[in-house]
Amino acid sequence: LRSDTNDVSPRLGIAWRLDRAGRSVLRAGYGVFYGMDAQFQTYQALGATAFPFTRLELLVSTPAARLRLASPFAGAAGTNPAALSPNGVAYENRSPFTQNWNLTFAHELTPDLGVEAAYVGSRGSNLSAAINVNQTIRAATGNRSPFPGLSRVIVFTPSGSSQYNALQASVRRRMASGLAFRSSFTWSRAIDDVSFGS
């Protein structure tokens with residue numbers, strides 16, 4: 001695997017007091033956050049058939065008999081290639097990351113009561129996705145798959161993405177005369193293509 005070695009994760013936050021009394025404040029923040037790479041998920045998948053016991057097939061290529069993905073297990077004793085479902089990971093193993101940002105307006109109505117409204121967003125990139133590269137293809141001559149000697153062939157690639165946008169509002173009352181509360185509302189939308197890893 002080729003690891004991603006240029007993961008820079010900046011953070012930026014600002015707060016601006018809008019009036020001299022400090023009753024209104026505007027805050028903003030942005031950050032980049034990296035996640036665990038696909039290797040952990042891949043290791044799980046490689047042994048998912050009967051963890052912690054797995055079967056290891058050692059295949060050796062010779063000039064006379066080159067190994068090919070279409071039939072790598074041809075001739076292996078006791079192996080039924082059509083029942084095998086090999087897994088792998090993409091060579092370009094880029095780190096998954098999210099960008100998070102927010103813009104918040106806060107106002108103090110009274111010394112004990114305040115309101116807040118915020119726009120919050122995030123975007124995920126290079127998220128791990130499981131792709132079946134041996135899916136059946138419809139053709140005029142009948143259905144066929146790229147590697148007919150195998151069942152499914154799963155490759156983990158950093159090709160997934162996600163997006164989240166939200167409007168958040170809240171009213172809060174500090175403890176006064178024995179009463180304190182916080183009421184919040186969120187209106188959001190989340191879109192992604194890797195909710196279930198595929």
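This is a predicted model: local features need pLDDT of at least 70, side-chain atom pairs count only at pLDDT 80 or more; totals for chains, interfaces and linings use all residues.
Residues are numbered from 1 along each chain as its sequence is written. Local features need pLDDT of at least 70 and side-chain atom pairs count only at pLDDT 80 or more, while totals for chains, interfaces and linings use all residues, and side-chain values use heavy atoms, with hydrogens and water left out.

**Exercise 1. The chain as a whole**

Describe the secondary structure, burial and contacts of the chain.

Solution. 
- Start with the elements. The chain has one helix and nine strands. Helices (H or I, at least four residues) and strands (E, at least two) are DSSP runs, numbered from the N terminus.
- Read their order along the sequence: β-β-β-α-β-β-β-β-β-β.
- Turn to burial. Of the 198 residues, 23% are buried. Buried means under 20% relative accessible area, exposed over 50%, and partly exposed in between (1.4 Å probe, protein chains only).

**Exercise 2. An aromatic pair**

Which residues form the aromatic pair, and how are the rings arranged?

Solution. 
- The structure holds one aromatic pair. Its partners are Tyr34 and Phe97.
- Take the geometry. The centres are 5.6 Å apart and the planes make an angle of 40°, so the pair is tilted. Rings of Phe, Tyr and Trp (its six-membered ring) pair if their centres lie within 6.5 Å; planes under 30 degrees apart count as stacked, over 60 as edge-to-face and the rest as tilted.
- Tyr34 is in strand 3 and Phe97 in strand 6, 63 residues apart.
- Check accessibility. Tyr34 is partly exposed because its relative accessible area is 31%. Phe97, at 18%, is buried.

**Exercise 3. Surroundings of Pro158**

What does Pro158 touch beyond its neighbours within four places in sequence?

Solution. 
- Locate Pro158: strand 8 (residues 154–176).
- Its relative accessible area is 21%, so Pro158 is partly exposed.
- List the contacts: Ala90, Glu92, Arg94, Asn126 and Leu127.
- Pro158 and Ser128 are 30 residues apart along the chain, yet their C-alpha atoms are separated by 4.6 Å.

**Exercise 4. Two loop residues**

Which loops hold Ser95 and Asn134?

Solution. 
- Ser95 belongs to the loop between strand 5 (92–93) and strand 6 (97–110). Ser95 counts as buried because its relative accessibility is 9%.
- The side chains of Ser95 and Asp7 make a polar contact of 2.8 Å. Such a contact is a pair of N or O atoms within 3.5 Å; within protein, one must be able to donate a hydrogen and the other to accept it, and residues adjacent in sequence count only if both atoms are side-chain atoms.
- Asn134 is in the loop between strand 7 (113–132) and strand 8. Asn134 is buried, at 5% relative accessible area.
- Leaving aside neighbours within four places in sequence, Asn134 contacts Ser145, Pro146, Phe147, Leu150, Ser151, Arg152 and Val153.

Technical notes:
Contact means heavy atoms within 4.5 Å.
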